[in-house]
Amino acid sequence: MTFTDLAAQSLATQGTALVGFIEAHADWAGAILFLIAFAEGVTVVGLLIPGVVALTATGALVAAGVLEFWTVYAAIAGGTILGDATSYWLGRIFGERLFRLWPFSKRPALRQRGEAFFHRHGGKSVFLARFVGPLRAVVPTVAGMVAMPHRQFQTFNILSAVIWAPLLMSPGHLAWTGYDASGLGDRAAPAGRLEQSPPRPCGLAPPIAGAPVDDRC
């Protein structure tokens with residue numbers, strides 16, 4: 001097993017543990033998810049935590065009726081917007097010094113990819129990078145370093161977050177829906193999610209000669 005495989009397995013394990021923690025503390029799910037989304041969006045920190053794994057898996061908790069969709073959606077979108085805004089200001093205030101910190105100091109190619117992506121796409125890169133894995137943790141910082149206008153940054157930041165949040169939840173939601181529909185899931189489906197067809201009206205059959213009418217319908 002390679003180091004990459006071990007790292008991926010570790011992230012998956014940590015993500016599963018986070019989801020279990022969220023489920024066990026469902027009353028605080030909004031605050032927990034907000035903090036995870038915020039941390040995942042902050043440069044440097046976002047590279048160290050399995051935020052995306054946990055946030056994606058919460059879609060299954062929504063599908064199972066454990067969490068309410070709008071609470072999860074608002075928490076993820078809000079935390080993500082604030083996290084990227086923090087990355088922007090870190091880049092604007094600290095600039096070059098930020099990329100001397102670990103883990104960026106060990107991954108110079110990531111910074112180079114982020115800068116190349118930003119210069120290729122301009123302001124739109126803030127929107128596009130949301131959907132491009134590791135660049136999500138770099139491009140907002142680069143935008144701050146090059147002094148991208150704050151209003152323009154926030155426009156792309158907010159627009160991408162409100163689209164990204166439901167897309168992020170959808171794999172977990174679809175996975176649970178398919179699993180539960182197969183009859184293998186051990187969690188009861190939430191009321192109203194799987195609606196059953198109403199019973200057909202029962203009409204009395206005509207009596208057979210010599211037999212009483214059955215009025216049990």
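Visitor: Which residues form a nonpolar patch on the surface?
Guide: Phe131, Val132, Ile158, Leu159, Val162, Ile163 and Leu167. Together they have about 530 Å² of accessible area. Areas come from the Shrake-Rupley method with a 1.4 Å probe, and for residues only the protein chains shown count as cover. Patch residues have over 30% relative accessible area and no salt bridge; like charges are joined within 9 Å, and nonpolar side chains (Val, Leu, Ile, Met, Phe, Trp, Tyr) within 5 Å. A salt bridge is a side-chain nitrogen of Lys or Arg within 4 Å of a carboxyl oxygen of Asp or Glu.

Visitor: What kind of model is this?
Guide: It is a predicted model: local features need pLDDT of at least 70, side-chain atom pairs count only at pLDDT 80 or more, and totals for chains, interfaces and linings use all residues. Residues are numbered from 1 along each chain as its sequence is written, and side-chain values use heavy atoms, with hydrogens and water left out.

Visitor: How many helices and strands does the chain have?
Guide: 8 helices and 0 strands. The pattern along the sequence is α-α-α-α-α-α-α-α. Helices (H or I, at least four residues) and strands (E, at least two) are DSSP runs, numbered from the N terminus.

Visitor: Aromatics next. How many pairs?
Guide: The structure holds 6 aromatic pairs. In one, the rings of tryptophan 70 and tyrosine 73 have centres 5.6 Å apart and planes at 90°, so that pair is edge-to-face. Rings of Phe, Tyr and Trp (its six-membered ring) pair if their centres lie within 6.5 Å; planes under 30 degrees apart count as stacked, over 60 as edge-to-face and the rest as tilted.

Visitor: Where do tryptophan 70 and tyrosine 73 lie?
Guide: Both are in helix 4 (residues 69-94), 3 residues apart, about one turn of the helix. Tryptophan 70 is exposed at 56% relative accessibility, whereas tyrosine 73 is buried at 16%. Ring pairs also link Phe69, Trp70 and Tyr73 into a cluster.

Visitor: And what about tyrosine 88 and phenylalanine 153?
Guide: Their ring centres are 4.5 Å apart and the planes are at 25°, so the pair is stacked. Tyrosine 88 lies in helix 4 and phenylalanine 153 in helix 8, so the pair ties together parts 65 residues apart in sequence.

Visitor: Is tyrosine 88 buried or exposed?
Guide: Tyrosine 88 is buried, with a relative accessible area of 0%. Phenylalanine 153 is also buried, at 0%.

Visitor: Which ring does arginine 130 lie over?
Guide: Tryptophan 164, at 5.9 Å from the ring centre. A charge sits over a ring if NZ of Lys or CZ of Arg is within 6 Å of the ring centre and within 35 degrees of the ring normal.

Visitor: How far apart are proline 166 and tyrosine 73?
Guide: 6.6 Å in space, C-alpha to C-alpha, and 93 residues in sequence. Proline 166 is in helix 8. Proline 166 counts as partly exposed, at 29% relative accessibility.

Visitor: What is phi at alanine 147?
Guide: Near 60°, a positive value in a residue other than glycine. Alanine 147 sits in the loop between helix 7 (139-145) and helix 8.

Definitions and conventions
Buried means under 20% relative accessible area, exposed over 50%, partly exposed in between (1.4 Å probe, protein chains only).
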